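The points go from the whole chain to single residues.

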Amino acid sequence: MAERVVQELAQQEQLAEEIMAERYQVVQLDARRNENRVALGQLRRHALAKTSRVWLNVGETFLLLPKTEAERVIENDQVELTTAIEQSRVASQEKAQLLQQREGKPMSAGWGLKAMPRNDFSAPAV
């Protein structure tokens, strides 16, 4: 009996650690997405009068790319980051719900809510 309780507590602890790791990953990915957003803003704001090529840091390598190609690479990375962030958030929520069930706690009322899409904000008022 005591072994079973210890095993259940260990499983709950493992699940809680996985949730924390997912949340940390979301923070790291969001920071990278923000850096990309700043880089895109700089590329778009500053017209490069002398050259149409820019240096782009990819990992530990610097590449000299045409400005349009650099923007495309960063925009593609933004899409991948947004997808990864959403997947991590969904996984974290599912694990948190499972943890609540294992602990015998009732589900939170607004836990499964999702944000409204941007195009819903522009709906005409009645």
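1. How many helices and strands make up the secondary structure of the chain? The chain holds three helices and two strands, where helices (H or I, at least four residues) and strands (E, at least two) are DSSP runs numbered from the N terminus. Along the sequence these elements follow the pattern α-β-β-α-α.

2. A word on the basis of the note: this is a predicted model, in which local features need pLDDT of at least 70 and side-chain atom pairs count only at pLDDT 80 or more, while totals for chains, interfaces and linings use all residues. Residues are numbered from 1 along each chain as its sequence is written, and side-chain values use heavy atoms, with hydrogens and water left out.

3. Of the 126 residues of the chain, 21% count as buried, a term that means under 20% relative accessible area, with exposed meaning over 50% and partly exposed in between (1.4 Å probe, protein chains only). The accessible surface of the chain comes to about 10,000 Å², and 56% of that surface belongs to carbon and sulfur atoms; the areas come from the Shrake-Rupley method with a 1.4 Å probe, and for residues only the protein chains shown count as cover. Among contacts (heavy atoms within 4.5 Å) between residues at least 6 apart in sequence, 60% join residues at least 24 apart.

4. Leaving aside neighbours within four places in sequence, Gln78 is in contact with Arg33, Asn36, Arg37 and Leu40. The side chain of Gln78 also makes a polar contact, at 3.3 Å, with the side chain of Asn36; such a contact is a pair of N or O atoms within 3.5 Å, where within protein one must be able to donate a hydrogen and the other to accept it, and residues adjacent in sequence count only if both atoms are side-chain atoms. Between C-alpha atoms, Gln78 and Arg37 are 7.9 Å apart in space and 41 residues apart in sequence.

5. Asn34 is partly exposed, because its relative accessible area is 37%, and its C-alpha atom is separated by 9.0 Å from that of Gln78, 44 residues apart along the chain. Glu22, also placed in helix α1, counts as buried at 15% relative accessibility, and, leaving aside neighbours within four places in sequence, Glu22 is in contact with Ser88, Ala91, Ser92 and Lys95.

6. The largest pocket holds about 300 Å³ of space. Of the 14 residues that line this pocket, the closest to its centre are Asn36, Ala39, Leu56, Asn57 and Ile74. Helix α1 (2-45), strand β1 (53-58) and helix α2 are the elements that give two or more residues to the lining. On a 1 Å grid over the protein atoms alone, a pocket is an open set of points where a 1.4 Å probe fits, with protein on both sides within 12 Å along at least five of seven lines, and lining residues have an atom within 4 Å of a point.

Technical notes. Points joined across faces, edges and corners; volume = space filled by probe spheres on them.
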